[in-house]
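Hi everyone, thanks for making time. Have a look at the model on the screen, and I'll walk you through a few spots.

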Amino acid sequence: MVSTFTWVLVGVVAYSILGMLLRTWGVLPEYVHLSGPIATLHTKRGRRFVDWLATPKRAWRAWGNVGVGVGLVVMVGSFFYVVLAAVLAVRDPAPSAVTEPRNVLVIPGVNDFLPLSVAGEIVAGLVVALVVHEGGHALLCRVGDIEIESMGLALLTIVPLGAFVEPNEEGVSLSDRGKQIRMYVAGVTNNFAVSLLCLGLLFGPVIAGFGVVQGVHVGGTLPGGPADQAGIESGSVITGIDGQSVANATEMQQRLDEAGGTVEVTLQNGTVTTVDRAVVVVGAVSGAPVQTNRTIVAVNGTAVNTTTAFNDAVQDRSVARLTLDNGETVETAIGGYTVVAEDGPLEAEGAPAGAAFVVTAVDGQRTATAADLVSAIGQREPGETIRLAGYVDGQRETYEITLAEASRSDPGIGVDYVARGTSGLSVGDFGIETYPAERFLAMLGGDVPGQQPFESTPFLQRIGLALALPFASIVEGLSYNFPGFTGIAANFYTVSGPLSALGTDGAFVLANLLFWTGWLNLVVGQFNLVPTYPLDGGHILRVCSESIAARLPIERREGLVKAITYGVSLTMIGSFVFIIAVPQLLG
């Protein structure tokens with residue numbers, strides 16, 4: 001099956017060829033300029049309107065001065081952030097979805113973090129971001145008495161890529177540095193203002209009308225798993241187990257723990273279906289004894305069809321024989337699965353670096369799972385001597401080590417990571433993946449029982465949470481990224497209060513527009529303040545460098561300005577190359 005990305009590339013090539021032919025034949029209007037897949041639409045209309053809008057010059061100058069202060073802070077922060085990201089990419093060149101080349105494109109359906117289902121809202125938000133950005137440049141041009149040659153829109157084929165204002169170059173060069181920097185920073189100032197307005201409305205009156213549907217929100221089902229075989233689909237809401245209501249995933253698990261191998265499941269739409277539970281491997285590390293989607297039917301000959309039965313069967317056995325649904329048997333150590341790190345306490349005591357070490361006991365205390373292992377070590381202090389028993393490549397080993405400081409991936413014993421579950425296996429007996437509807441609503445400011453109160457979170461931190469939502473699976477460790485109130489997510493939310501006058505669909509569209517417009521304005525503003533050409537940050541850097549150089553007692557001021565601007569710009573460009581290319585080449 002041909003991927004969406006491939007179809008987009010084919011379309012871009014076809015568009016470029018057609019544009020070249022039209023230009024050769026002289027068919028293109030004068031206001032359309034083509035360069036490969038990039039089209040720019042030029043116009044001189046609207047200049048009178050900009051002149052009228054720029055009439056209160058004192059107010060616009062004050063607005064520009066506010067923007068200068070904010071812009072300089074964000075620009076310096078952007079420089080250090082990009083450099084730090086490049087350093088981290090070199091130190092740990094693991095590929096990430098964020099650095100995939102297709103995810104650099106602001107194209108819904110191609111970019112993994114921009115869902116096609118809200119393409120209309122994303123395009124609308126992008127158009128708003130581009131119009132207010134370039135409108136800010138145009139306004140401050142006229143406030144500073146700089147003539148505008150033309151204005152226009154840049155497109156990547158038919159997708160808005162950017163907008164532009166062409167100021168009179170001579171007018172810019174003759175204007176003072178204060179006018180120049182206010183003009184260059186005006187675009188991002190407007191972006192930030194629009195973002196604050198949209199997100200403020202979303203966090204306040206709009207999201208206050210949203211609630212979460214009671215029940216268990218099914219984001220997906222394991223292919224061929226118990227829930228899938230019972231006909232439970234992505235987007236379903238489970239409201240009952242064996243005739244007892246469930247309001248959330250915690251209550252459902254409690255009901256399942258009390259139930260047998262077969263349960264009656266009630267869905268929100270009134271459907272009742274039977275689920276035959278089975279112990280299915282829902283996650284496994286590469287060296288685990290059983291791989292994902294396999295079903296374990298017995299442990300040491302004893303049948304198991306629930307996770308409770310499985311956990312009970314392996315609890316007191318450091319080695320167990322697992323029988324799979326195809327009759328195959330696997331004998332494996334049962335414990336916390338780790339991978340020995342270089343230059344750590346375990347390697348110092350003879351454990352081979354890079355080897356899988358299944359820890360079955362800590363100072364004689366049984367550790368059947370990763371949670372058991374972390375808990376047992378957490379009771380000790382760094383510097384204490386502990387005894388670890390377990391298996392390396394099927395051989396029983398014992399190591400006495402001095403416990404080191406714990407880190408996020410290492411409890412202090414000298415491992416690269418501790419895999420979740422038992423022996424690197426995560427098992428389930430139901431086969432669904434829950435959608436974090438409550439968490440998403442709480443991050444947007446909704447009042448959700450059981451979630452951290454959002455009202456006490458500082459506003460700027462709320463902005464940061466909103467910025468992270470499309471990357472929630474990476475930043476927050478959630479199972480899904482936030483697409484907006486669309487697709488299956490629309491099944492998990494309700495609308496009440498004054499907002500209900502718009503209808504459920506209307507309220508969802510409004511919330512999506514506010515979220516994506518606010519998000520895109522924030523991203524466009526921040527990105528344009530990266531100090532490199534041709535971004536606004538590069539022009540601001542030049543003007544600031546000229547201002548500093550003019551105050552220094554040196555003769556070759558122009559050379560100093562060039563050294564600063566070229567040096568910083570090349571650092572930024574090189575950092576971006578490292579961020580994108582290094583994980584793809586070395587990861």
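Let's start with Phe482, which counts as buried at 2% relative accessibility; buried means under 20% relative accessible area, exposed over 50%, and partly exposed in between, using a 1.4 Å probe and protein chains only. Quick background: this is a predicted model, where local features need pLDDT of at least 70, side-chain atom pairs count only at pLDDT 80 or more, and totals for chains, interfaces and linings use all residues. Residues are numbered from 1 along each chain as its sequence is written, and side-chain values use heavy atoms, with hydrogens and water left out.

Phe482 lies in the loop between helix 14 (472-475) and strand 24 (493-495), and Phe515 in helix 15 (residues 503-528), so the pair ties together parts 33 residues apart in sequence. Helices (H or I, at least four residues) and strands (E, at least two) are DSSP runs, numbered from the N terminus. Phe515 is buried too, at 3%.

Now over to strand 12 (residues 295-299): 4 of its 5 residues are buried, so the rest of the structure largely encloses it. Strands pair if DSSP finds at least two bridges between them. Strand 12 runs antiparallel to strand 14 (residues 319-324), with 3 bridges, and Ala298 stands opposite Thr323 there.
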